[in-house]
Each structure stands twice: as C-alpha cells, then as structure tokens.
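Here is a short tour of a helical arrangement and the pockets beside it. Please keep the model open as you read.

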Amino acid sequence: MSVERATMAFAGFMVMLSMLLTATVHHGFIWLTLFVGANLFQSAFTRICPASMLMRKLGMKTEAEIALSK
C-alpha cells in the first residue's frame, strides 16, 4: 500500500472513529472530526501531512516510488 492510499484510509478511519466516539462516549469528540477535516484541507494546499510524513519515516513508499520500482 502506498503512502497516499494509507493516508486516505487513516483519515477515513479517524473520521469514523471520532463520530462513533461522539455518538457513544462524549460530544467533545466532535473536535477530533474537525481536526481531521482541517488537516485534510490544509494538506491539500500545503502538501504537508504529519501522518504521511510518519508513514514515510516508517518505510512506506509513495505511488511514484512504487511505479519506478516496477
């Protein structure tokens, strides 16, 4: 799995988790949903995403790196 796809999967999971926690645990978890959405929005313009940076440091490859290795 590439960094790009893993980042989308992670963001989707975090949104679903935060909505579940908001509905079942405490309404304050809605702020986690807002944080994830804001992070996605800013990363679209700045191309800076902490989750993607961490995944690259852990050894995941980008789609471009995967395409070059084939």
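Helices α1 and α2 are roughly antiparallel to each other (a label for angles over 145 degrees), because their axes cross at roughly 160°. This is a predicted model, in which local features need pLDDT of at least 70 and side-chain atom pairs count only at pLDDT 80 or more, while totals for chains, interfaces and linings use all residues. Residues are numbered from 1 along each chain as its sequence is written, and side-chain values use heavy atoms, with hydrogens and water left out.

**Helix packing**

Helices here are DSSP runs (H or I, at least four residues) numbered from the N terminus. Axes are lines fitted to C-alpha atoms over the stretch in contact, with angles from 0 to 180 degrees between N-to-C directions.

On the α1 side, the contact (heavy atoms within 4.5 Å) uses Ala11, Met14, Val15, Ser18, Met19 and Thr22, and α2 answers with Ile30, Leu32, Thr33, Val36 and Leu40. By class, this contact has 8 nonpolar, 3 polar and no charged residues. For these classes, Ala, Val, Leu, Ile, Met, Phe, Trp, Tyr, Cys and Pro count as nonpolar, Asp, Glu, Lys and Arg as charged, and the others, Gly among them, as polar.

| Helix pair | Axes come within | Crossing angle |
|---|---|---|
| α1 and α2 | 7 Å | roughly 160° |
| α1 and α3 | 10 Å | roughly 130° |

**Pockets**

A pocket is an open set of points on a 1 Å grid over the protein atoms alone, where a 1.4 Å probe fits, with protein on both sides within 12 Å along at least five of seven lines; lining residues have an atom within 4 Å of a point. Its volume is the space filled by probe spheres set on the points.

The largest pocket holds about 310 Å³. Of its 13 lining residues, Glu4, Thr7, Cys49, Ser52 and Arg56 lie nearest its centre. α1 gives the most to this lining, with 4 residues. The lining divides into 7 nonpolar, 3 polar and 3 charged residues.

The second largest pocket has a volume of about 180 Å³. Its lining includes Thr7, Phe10, Phe35, Asn39 and Pro50. Here α2 supplies the largest share, 5 residues, and the lining has 10 nonpolar, 2 polar and no charged residues.

Notes. Helices (H or I, at least four residues) and strands (E, at least two) are DSSP runs, numbered from the N terminus. Angles under 35 degrees count as roughly parallel, over 145 as roughly antiparallel, 65 to 115 as roughly perpendicular and the rest as oblique.
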